[in-house]
Amino acid sequence: MSGYIYFTDEQKERANSVDLVDFLQRQGEKLLPSGRDKRLARDHSITVRGNSWYDHSAQEGSYAIDLVKRLFNLSFPEAISLLLGGEQGVEYRQHSKSSEQEQRKPFVLPPAHTDMRRVFAYLIKQRCISREVLSEFAREKLLFEDAEYHNAVFVGFDEKGVARHAHKKSTATGSSFRINVEGSHPAYSLHYISKNQNLHNLFVFEAPIDMLSYISLHPQNWKNASYVALNGVSEQPILKLLELYPQLQRVTLCLDNDEAGLKAASRIHKTLRQQEFEDVVYDVSAHKDWNDDLKAAYSQEQTTPTMVMK
């Protein structure tokens, strides 16, 4: 785009008020559910709600114009022009500020099914996760099957044993559906705290399935360590656990082996150092995430020929 383009303050305000979910979907972007927000499929660190966005890796956010500049590598006037419809005359939905004032629903766990057959079948057969590990999480009430849709539900409790967070993952073949239950407290995402009171390690993951996969890959004495799934890349659950459990001596960051995961791990490391927590190390999967590593290991095990003794 060449030449100077003048926009009135009213036009700038209208561009900045465009509903980003409507706009991005009409640009062909894929958005994933993430609680009350939507997460950008091509960069999981970015979430949008209404006309605002936030990059959890960079810890910065703003409104529609800045995100469009960033995502599509546009100048300020180019971004405004696109948001206002440009030459195509498209009119994008405006975000209503009244929606921000809606009352937030209280957190309630979904009703549990009478058994966990579908959840176990999905996590064992499709995700290759250890039955013994799943049984332990089920006994601790950290995992159950919801009654209506048979989703796997991963539960986070607070220090008083009250459920404060739940993450639902579809067990349907080929489905990518996953969402935090509305009202979930971000600081209390799924975690397993070792009963070992000696100083030990806290392993940190992006998603519950990554956590379960890592434990399945490293089963020896796994209960002597603690684990947390962030359901994203926010450091809030880590800081809460370090506050509550002084026996957590070391943090091992096991986030996804992609640009967003590596960027988030570096940011979290910096945040922990600022909190004067010094013992932070990394464990990076060989593939994109720990479940990919687990499935690769399982596949290799299945295809390794058995030696026949003569």
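## Pockets and aromatic pairs

In the lining of the second largest pocket, the residues fall by class into six nonpolar, 15 polar and eight charged. The model is a predicted one, and this pocket has a volume of about 540 Å³. Of the 29 residues that line the second largest pocket, Asp37, His56, Asn180, Pro186 and Gln236 lie nearest its centre, while strand 2 (37-40), strand 3 (46-49) and helix 8 (236-244) each contribute at least two residues to the lining.

The largest pocket is likewise lined by 29 residues, with His44, Lys169, Arg178, Ala207 and Lys288 nearest its centre. Two or more lining residues come from each of strand 1 (31-34), strand 8 (163-169), strand 9 (178-180), helix 7 and helix 10 (290-303). Its lining comprises nine nonpolar, eight polar and 12 charged residues.

| Pocket | Volume |
|---|---|
| Largest pocket | about 630 Å³ |
| Second largest pocket | about 540 Å³ |

Turning to the aromatic residues, the structure holds 10 aromatic pairs. In one of them, the ring centres of Phe137 and Trp222 are 6.1 Å apart and the planes stand at 15°, so this pair counts as stacked. Because Phe137 belongs to helix 6 (residues 131-139) and Trp222 to the loop between helix 7 (208-217) and strand 12 (226-229), the pair ties together parts that are 85 residues apart in sequence. Phe137 counts as buried, at 0% relative accessibility, and Trp222 also counts as buried, at 9%. Another ring, that of Phe72, has Arg42 lying over its face, at 5.8 Å from the ring centre.

Notes
Residues are numbered from 1 along each chain as its sequence is written. This is a predicted model: local features need pLDDT of at least 70, side-chain atom pairs count only at pLDDT 80 or more; totals for chains, interfaces and linings use all residues. Side-chain values use heavy atoms; hydrogens and water are left out. Rings of Phe, Tyr and Trp (its six-membered ring) pair if their centres lie within 6.5 Å; planes under 30 degrees apart count as stacked, over 60 as edge-to-face and the rest as tilted. Helices (H or I, at least four residues) and strands (E, at least two) are DSSP runs, numbered from the N terminus. Buried means under 20% relative accessible area, exposed over 50%, partly exposed in between (1.4 Å probe, protein chains only). A charge sits over a ring if NZ of Lys or CZ of Arg is within 6 Å of the ring centre and within 35 degrees of the ring normal. On a 1 Å grid over the protein atoms alone, a cavity is a set of points where a 1.4 Å probe fits but cannot get out, and a pocket is an open set with protein on both sides within 12 Å along at least five of seven lines; lining residues have an atom within 4 Å of a point. Grid points are joined across faces, edges and corners, and a volume is the space filled by probe spheres set on the points. Ala, Val, Leu, Ile, Met, Phe, Trp, Tyr, Cys and Pro count as nonpolar, Asp, Glu, Lys and Arg as charged, and the others, Gly among them, as polar.
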